[in-house]
Amino acid sequence: MVQKVVVALGGNAILQRGQKGTAEEQMANVMVTARQIVEMIEKGYEVVVSHGNGPQVGAILIQNELGSKQVPPMPMDVCGAESQGLIGYMLVQAIDNMLTLRNIEGRRPVCCVTRVEVDPNDEAFKNPTKPVGPFYSEEVARQRMAEKQETWINDAGRGWRRVVPSPNPIHIVEADPIRDLVDRGYTVIASGGGGIPVVKGADGLYKGVEAVIDKDLASERLAQEVNADVFMILTDVPKVALNYGKPDETWLGHVSAEELAKYQEEGHFKAGSMGPKVAAALRFVKNGGKRAIIASLNEALQALEGEAGTQITP
């Protein structure tokens, strides 16, 4: 039986630490990533790909700021859509070329710019916490807060940075066409950067909002709504670890959702790194998913076949 897999790519799949973020650098990284995805396709898996967009949307925000005296800057939902198109194009190009190089028929890639619905009454809108864009001086921050009613914080003494809400994803608006494309034999890139956050009004109409949805939680929502058998998060470490970076560090191989939830409650997984990944993996399995995986990008196929990474099961 063919298995459907949602693969959530970490930032290292597109941009490596220390790189400037040129188009050439990013495309080279994406080509390496495409090889991993095509290996899954070659083994017969149906693949849906999601990805992060932090550095890319950050660059778009800077470009907006620098060009604001000549052209109107775009709001965050539009910037998110731009980043989805940018990264989606790179992934489509790379996967398509890799399929051609390997003489693989079918499973051609397509990018779906994806909206993700959030609840307008989500508590996150009352407490913005997600930093976006570059650092600025206190003077600029206070001016922006006064003129645009934005929320800014002094970020660990490094400067002032804007923060926006990070609401919970409740629905993938394009879930039906994504499922249809997969069923028709396409490899779909969707829900990039957590998706474009939208809310539905009483009139049934959608409207974009200034927010950032956690990409791992949005990917898990995508996995649920496309009826994925496996939800896999690829990152830059081989497995989930207890006491990460300490002398008694322990890597987790096969683990039950109940065990992992206990470790989560004990505080092993930090909010800024492994925390959201573990939360998303647990959510998938607890909501009926057969298997969640957290693994290194370099061991994607081995992890999918149960030979690497952290395997989370009910």
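Biologist: How do the residues lining the second largest pocket divide into nonpolar, polar and charged?
Modeller: This is a predicted model. In it, 21 residues line the second largest pocket. They divide into 10 nonpolar, 4 polar and 7 charged.

Biologist: Which residues lie nearest the centre of that pocket?
Modeller: The second largest pocket has a volume of about 460 Å³. Nearest its centre lie E65, P73, R144, K148 and E150.

Biologist: Which element gives the largest share of the lining of the second largest pocket?
Modeller: Helix 2 (54-66), strand 5 (130-136) and helix 4 (138-148) each give two or more residues to this lining. The largest share is 5 residues, and it comes from helix 4.

Biologist: Where is N243, and is it buried or partly exposed?
Modeller: N243 is not a glycine, yet its phi is near 55°, a positive value. N243 lies in the loop between strand 13 (240-242) and strand 14 (250-252). Buried means under 20%. N243 has 21% relative accessibility, so it counts as partly exposed.

Biologist: How many disulfides are there?
Modeller: A disulfide is a covalent bond between the sulfur atoms of two cysteines. Here the two sulfurs must be within 2.5 Å. By this rule the count is 0.

Biologist: Which cysteine sulfur is nearest to that of C79?
Modeller: C79 is in no disulfide. C79 is also buried, because its relative accessibility is 0%. The nearest cysteine sulfur is 17 Å away, in C111.

Biologist: Which residue of strand 9 stands opposite both V48 and V110?
Modeller: Strand 2 (residues 46-51) runs parallel to strand 9, joined by 2 bridges. Strand 3 (residues 109-112) also pairs with strand 9 in the parallel sense, over 4 bridges. V48 stands opposite V188. V110 also stands opposite V188.

Biologist: Which residues of strand 9 point the other way from T187 and I189?
Modeller: Strand 9 spans residues 187-190, and all four named residues are buried. T187 and I189 point one way. Pointing the other way are V188 and A190.

Biologist: How far is G194 from P167 in space?
Modeller: G194 is in the loop between strand 9 and strand 10 (196-200). At 0% relative accessibility, G194 counts as buried. G194 and P167 are 27 residues apart in sequence, and their C-alpha to C-alpha distance is 10 Å.

Biologist: Which strands stand at the edges of the open sheet of 4 strands?
Modeller: The order is 8-4-10-11, with mixed pairing. Two of these have a single partner strand, so one side of each is left without a neighbour in the sheet: strand 8 (169-172) and strand 11 (206-208).

Biologist: What is the bridge partner of V118 in strand 8?
Modeller: Strand 4 (residues 115-118) and strand 8 run antiparallel, joined by 3 bridges. V118 has as its partner P169.

Note on methods. Residues are numbered from 1 along each chain as its sequence is written. This is a predicted model: local features need pLDDT of at least 70, side-chain atom pairs count only at pLDDT 80 or more; totals for chains, interfaces and linings use all residues. Side-chain values use heavy atoms; hydrogens and water are left out. Two strands pair if DSSP finds at least two bridges between them. Buried means under 20% relative accessible area, exposed over 50%, partly exposed in between (1.4 Å probe, protein chains only). On a 1 Å grid over the protein atoms alone, a cavity is a set of points where a 1.4 Å probe fits but cannot get out, and a pocket is an open set with protein on both sides within 12 Å along at least five of seven lines; lining residues have an atom within 4 Å of a point. Grid points are joined across faces, edges and corners, and a volume is the space filled by probe spheres set on the points. Ala, Val, Leu, Ile, Met, Phe, Trp, Tyr, Cys and Pro count as nonpolar, Asp, Glu, Lys and Arg as charged, and the others, Gly among them, as polar.
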